[in-house]
Amino acid sequence: MVKIWMKKTLLIAGIYNILWGAWAVLFPNMAFELAGAELPNYPQIWQCVGMIVGVYGLGYLIAAKSPLKHWPIVMVGLLGKIFGPIGFAWSIYQGTFPIKFGWNILFNDLIWWIPFTFILKAVWDRRGHSQITKGIDESEFSHFPDRKRATFINGLSGYKSSNLIGTIDGNGHTNLSIISSLFHLGASPALVGFIIRPSSARRDTLENILETKCFTINHVNKDILEQAHQTSARYPQEVSEFDACDLTAEYLDQFKAPFVAESRIKMAVELVREEKIIENNTHFIIGRIKKVYLPEDCLDDDGHVDINRAGSLCVSGLDTYLEGELIGRLSYAKTDRKPQWI
Ligand SMILES: Cc1cc2nc3c(=O)[nH]c(=O)nc-3n(C[C@H](O)[C@H](O)[C@H](O)COP(=O)(O)O)c2cc1C
């Protein structure tokens, strides 16, 4: 699991490398003067070292965004931080280098060993999975404490889409709510469905949809993830999640319900029907897609929508957000041939 200290470590490492690199490029003799060593014949070589260190700093900054995903940058960095001190120790042993240079080694290399190693260990630990299968039957999980049971069951349906449902009531009060239960119901007509949980309290999304017969669906992307998640908080009816969560309501083509301006793929949807699910008092909302808005470059000629390119996220359970990583597209499955990568 990625931890915040991993990101911070790589951020600091990145800034440190860039500063150190700039120092070596701009003042190539200074490190030698400080260490009381002879000045190099070709300071350009030291400047070149500074350039490489600085450029690697950029790599750390990139890795800071997603340390476990960018582990090769961390690994190559750690190798450099191991081989550098080995070379230094060898030069000291040979008496060809002043020991005072060790300060560089301490701050450039040694202090990073532990955090970099722990980042790589986290990558290693999560490779593969346990060979031991654990069976948990209903009599056991139904006795989990409430939150644990919900978290456990919520995660079982796998990766789900994350969308914001934009609605408005008859008085013009807007509402925004994150959902993960949206699913495709049919292409012709273009139908989607989602589930609204039961509640003793008023459900603004449900009430608004039943009142105005329309809503918008807005894909969540990384830039608005925290705001999108925050819409799940129980704000009073008179508070719009657009305002409370710092998202922008926009109205497109006279459609009554508000869209999320920051979302890249969005749909205007008309209510077709609400169906009560008697087994657990949830509400099944069926909607018909009336218009789709998406970036031009996310629509391929064959109709494929590149949601990955649009940065749309998915979610597992109610708190674990993920980015999609493309494996590829497979041809339509036929009984007489194997699928082809397209
Ligand atoms: C990731 C995530 C997914 C959610 N999915 C749903 C869902 O599919 N259906 C639902 O009713 N609530 C879902 N919720 C909870 C709603 O977002 C939350 O109850 C919301 O405040 C309801 O708003 P409203 O009362 O204004 O309609 C989800 C919450 C999170 C964090």
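In what order do the three strands of the open sheet stand? I read the order as 1-11-12, with antiparallel pairing. Before going on, I noted that this is a predicted model, where local features need pLDDT of at least 70, side-chain atom pairs count only at pLDDT 80 or more, and totals for chains, interfaces and linings use all residues. Residues are numbered from 1 along each chain as its sequence is written.

Entry: My terms first: strands (E, at least two residues) and helices (H or I, at least four) are DSSP runs numbered from the N terminus, and two strands pair if DSSP finds at least two bridges between them. Strand 1 (160–161) and strand 12 (320–323) stand at the edges with a single partner strand each, so one side of each has no neighbour in the sheet. I found four bridges between strand 11 and strand 12, which pair in the antiparallel sense. Opposite L313 I found E323, in strand 12.

**Entry: strand 5 and its partners.** Strand 4 (residues 183–186) and strand 5 (residues 191–196) run antiparallel and are joined by three bridges. A hairpin of four residues links strand 4 to strand 5. I looked up H184, and its bridge partner in strand 5 is V192. Strand 5 also pairs with strand 10 (residues 282–293), antiparallel, over six bridges. There, F194 stands opposite I285.

**Entry: the cores.** A nonpolar core here is a set of buried Ala, Val, Leu, Ile, Met, Phe, Trp, Tyr and Cys residues joined through C-beta atoms within 7 Å. Buried means 20 or more other C-beta atoms within 10 Å, exposed means 12 or fewer, and partly exposed is in between, with C-beta atoms placed from the backbone. The largest core has 28 residues, and L164, L176, F215, V220, L247 and V269 touch the most other members. Elements that each supply at least two residues of this core include strand 2 (163–168), helix 9 (204–212) and strand 9 (266–277). Another core, of 11 residues, lies apart from it and has M6, A13, Y60 and F116 among its members.

I also checked contacts (C-beta atoms, placed from the backbone, within 7 Å). Not counting residues up to four places away in sequence, L247 touches L176, I224, Q227, F242, V260 and E262.

**Entry: F255.** Is F255 buried or partly exposed? I put it down as partly exposed, because 19 other C-beta atoms lie within 10 Å. F255 is in the loop between strand 7 (249–250) and strand 8. Leaving out residues up to four places away in sequence, F255 touches C214 and A268.

Conventions
Two residues are in contact if their C-beta atoms, placed from the backbone, lie within 7 Å.
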